[in-house]
Amino acid sequence: MIAVNVKKLAGLVGIALVLFFVIAQPSHAAGLVGNIVDFLRSSAESVITFVSNVFH
């Protein structure tokens with residue numbers, strides 16, 4: 001019972017921190033999201049290249 005409340009509290013605190021960061025510094029938050037998207041795209045392309053090379 002206590003663990004569930006701690007998980008909920010940690011989730012709410014995380015959401016509050018994200019909202020604060022977006023409101024306080026929107027340009028930095030947008031840059032961070034852009035960097036994350038670029039990283040994910042690059043990672044996906046690397047995995048696709050690896051799988052393509054394995055089956056050729």
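**Entry 1: a charged pair**

Which residue forms a salt bridge with D38? I looked it up, and the partner is R41, with the closest N and O atoms 3.1 Å apart. For my notes, a salt bridge is a side-chain nitrogen of Lys or Arg within 4 Å of a carboxyl oxygen of Asp or Glu. By this rule I count one salt bridge.

Before going on, I note that this is a predicted model, where local features need pLDDT of at least 70, side-chain atom pairs count only at pLDDT 80 or more, and totals for chains, interfaces and linings use all residues. Residues are numbered from 1 along each chain as its sequence is written, and side-chain values use heavy atoms, leaving out hydrogens and water.

Back to the pair: D38 and R41 both sit in helix α2, three residues apart, about one turn of the helix. Helices (H or I, at least four residues) and strands (E, at least two) are DSSP runs, numbered from the N terminus.

Are these two buried or exposed, or in between? I sorted them with these cut-offs: buried is under 20% relative accessible area, exposed is over 50%, and partly exposed lies in between (1.4 Å probe, protein chains only). R41 is partly exposed because its relative accessibility is 46%, and D38 is partly exposed too, at 41%.

**Entry 2: a nonpolar patch**

Next I looked at the surface. F21, L32, I36, F39 and L40 make up a nonpolar patch there, with about 500 Å² of accessible area together. Patches take residues with over 30% relative accessible area and no salt bridge, joining like charges within 9 Å and nonpolar side chains (Val, Leu, Ile, Met, Phe, Trp, Tyr) within 5 Å. The areas come from the Shrake-Rupley method with a 1.4 Å probe, and for residues only the protein chains shown count as cover.

Which helix gives the patch its largest share? I found that it is helix α2 (residues 26-54), with four residues. L40 belongs to this helix and counts as exposed, because its relative accessible area is 52%.

**Entry 3: the whole chain**

I then stepped back. The protein chain has two helices and zero strands. Its radius of gyration (taken over C-alpha atoms) is 18 Å, well over the 10 Å of the globule rule for 56 residues, so the chain is more spread out than a compact globule. That rule is 2.2 Å times the number of residues to the power 0.38.

The C-alpha atoms fill a box of roughly 50 × 35 × 5 Å along the principal axes. I also noted that 2% of the 56 residues count as buried.
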